[in-house]
Amino acid sequence: MPLARSLSMTSLNGLPQWEDEDLPVEDLLLFEISWEVTNKVGGIYTVIQTKAKTTADEWGENYFLIGPYFEQNVKTQVEFCEPPNSAVKKAMDTMISQGCQVFFGRWLIEGSPYVLLFDIGSAAWNLDKWKAEFWEVSNIGIPFHDREANDAVIFGSLTSWFLKELSCQFDDKPSIIAHFHEWQAGVGLILSRSQKLPVATIFTTHATLLGRYLCAASIDFYNNLDQFDIDKEAGERQIYHRYCMERASVHCAHVFTTVSQITATEAEHMLKKSPDVVTPNGLNIKKFSAMHEFQNLHSMYKARIQEFIRGHFYGHLDFDLDKTLFFFIAGRYEFSNKGADMFLEALSRLNFLLRVHKTDITVIVFFIMPAKTNNFNVETLKGQAVRKQLWDTAQSVKEKFGRKLYNALLRGEIPDLNKILDRDDITIMKRAIFSTQRHCLPPVTTHNMIDDSNDPILNTIRRIGLFNNRTDRVKVILHPEFLSSTSPLLPLDYEEFVRGCHLGVFPSYYEPWGYTPGIYIVDRRFRSPDESCNQLTQFLYSFCQQNRRQRIIQRNRTERLSDLLDWRYLGRYYMHARHLALSRTFPDKFELEPNAPPKTEGFRFPRPSSVPPSPSASQHSSPHHSEAEDEDEDERYDEDEEAERDRQNIKSPFTLGALPQGKKKQHGEYRN
């Protein structure tokens, strides 16, 4: 039986090429402003970082990013240099001469874009004056105790000051575009508009502020969008001033964008304005000349994860690493919004299913969610030290064994394997074995948590009893900080870690697209939490039943379809938003056909309630498969034929806009 398809979407070879937006970039300056430029807080950092190469390729020396200066980030991410643009340098010098610290350099990521960084602390003495000015233009008061909002006022005031110093140097060319991301950068937009600066402004909300808070309160958010008293809800959560900053930014911008249609609907109710353009998030896809190349990368990074597992589970390594699957969830630590609560419940049910069916498959699940910690815990560090010691011992004995074997073969003898290891070798190996004895279970977290007793993930682990017992087929590891290739525990960057894992799981309730487009889609809107959890459990169990060949087939399909999320394709929505902003700000110089947003050949996610996940149709009732079955699978599967089917599986074009009035989506149907 052929593999069932879990997903129906276009292949890049069939994607239409829009006509390029005809923008004279040589006569323009583009600034993107965000609190997460060189400052990793959440997903917006990834948006800007991955999009930078495509934007830098399009705009060259006329593209700049503006963010806050944090020394610990700049040390490893920024190479300082002189501004290539004399006007930018003059604006910086003016600010520096008045006591502000401003830094310029290249961000050391793909594309190496220019970054302009403001030291918030150096300008904090202006806070009261700037808060008063902000009140004068917006009637929004900022409480003294809200440090994040106060920092946003300083950052926004510095940004508008810079744009004012820059724009006053130009009479006609170049025109300036300023693209602000999220409410932390919005003050700069509001002040720029109030000062009537000749700057085309764009504001993008990646998720509404109030939406995050409401979803975290376990409210049926999406089905009651039109029922909320917005002012009351924001006031009760003591974020009314932040909400006003966000809403004012939306209404002041020449162009307002969001990252998905569901966020667009949310913004219409929460912020009282529909977006002008939907700008979906993309990825900087690295393509390979042959399919086996990314499979080799998977094997290489999986081996590194396995090394970590050998140390973490020393003394309890009674499962086969070749039959172990690595799952992960990653992102901002929002327990309910990001779906960690449902994921843990599904893992408990998955553990039960795997134990009942006596499977030899083991699932190890990583939670990569930054939280407050007191560094690595001793048991985790000890595990890696024990692993390294065992490796050194094995290498020493192997070298000695190899030397004796080599000498015996040179003499033309078959060595007596009972004598080739002497008493000292046996003693060394026995000591190594004794060093792996462990009188406690492998830890469920790699760090010492500051508020262990109130941590929601750890408390849920305690409730469901996933303590990494020998009998558990599902084992969990909480890694409460972002991954880094310089880590002494798990020396992998996030992208490398993802390559090494088998499945990423993001069952978010509040997820306005982000970086989780999905291969399996869990219905969290039209099903009860328990039904959604059962659906997720079935997806996970079905994945565990796949043999290696089936997983490779699925990975190949995912790799082919990943082009749909490439910034080279999705970046055009941003270009359209810039063109629209210019036409509204400078109508005499820039024109844009009305009602002409870019269209894309759509891709349709399956209805979660009815479409089986790939490749369930070919799965057996047991997760055990014979070698003969794997060979038979090879004969039935033709990669070129499958690729051609993907290319032909093109849906009719649609616009990333709202549904026609009166037309409702079918139960469980998702479009993006």
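**View 1. Helix 4 meets helix 5.** Leu127, Trp130 and Lys131 in helix 4 contact Asn150, Val153, Ile154, Ser157, Leu158 and Trp161 in helix 5 (contact means heavy atoms within 4.5 Å). These residues divide into 6 nonpolar, 2 polar and 1 charged (Ala, Val, Leu, Ile, Met, Phe, Trp, Tyr, Cys and Pro count as nonpolar, Asp, Glu, Lys and Arg as charged, the others, Gly among them, as polar). The model is predicted: local features need pLDDT of at least 70, side-chain atom pairs pLDDT 80 or more, while totals for chains, interfaces and linings use all residues. Residues are numbered from 1 along each chain as its sequence is written, and side-chain values use heavy atoms, without hydrogens and water.

**View 2. The angle between helix 4 and helix 5.** Helix 4 (residues 127-138) and helix 5 (residues 147-167) pack at about 80°, with axes 10 Å apart. Helix 4 is therefore roughly perpendicular to helix 5 (65 to 115 degrees).

**View 3. Strand 10 is buried.** 7 of the 7 residues of strand 10 (residues 324-330) are buried, so the strand is largely enclosed by the rest of the structure (buried means under 20% relative accessible area, with a 1.4 Å probe and protein chains only). Thr324, Phe326, Phe328 and Ala330 point one way. Leu325, Phe327 and Ile329 point the other way. In a regular strand, side chains alternate between the two faces of the sheet.

**View 4. The partners of strand 10.** Strand 10 pairs with strand 11 (residues 362-368) in the parallel sense over 7 bridges (pairing takes at least two DSSP bridges). Strand 15 (residues 503-504) also runs parallel to strand 10, joined by 2 bridges. Phe328 stands opposite Phe366 in strand 11 and opposite Gly504 in strand 15.

How values were computed
Buried means under 20% relative accessible area, exposed over 50%, partly exposed in between (1.4 Å probe, protein chains only). Helices (H or I, at least four residues) and strands (E, at least two) are DSSP runs, numbered from the N terminus. Axes are lines fitted to C-alpha atoms, for helices over the stretch in contact, and angles run from 0 to 180 degrees between N-to-C directions. Angles under 35 degrees count as roughly parallel, over 145 as roughly antiparallel, 65 to 115 as roughly perpendicular and the rest as oblique.
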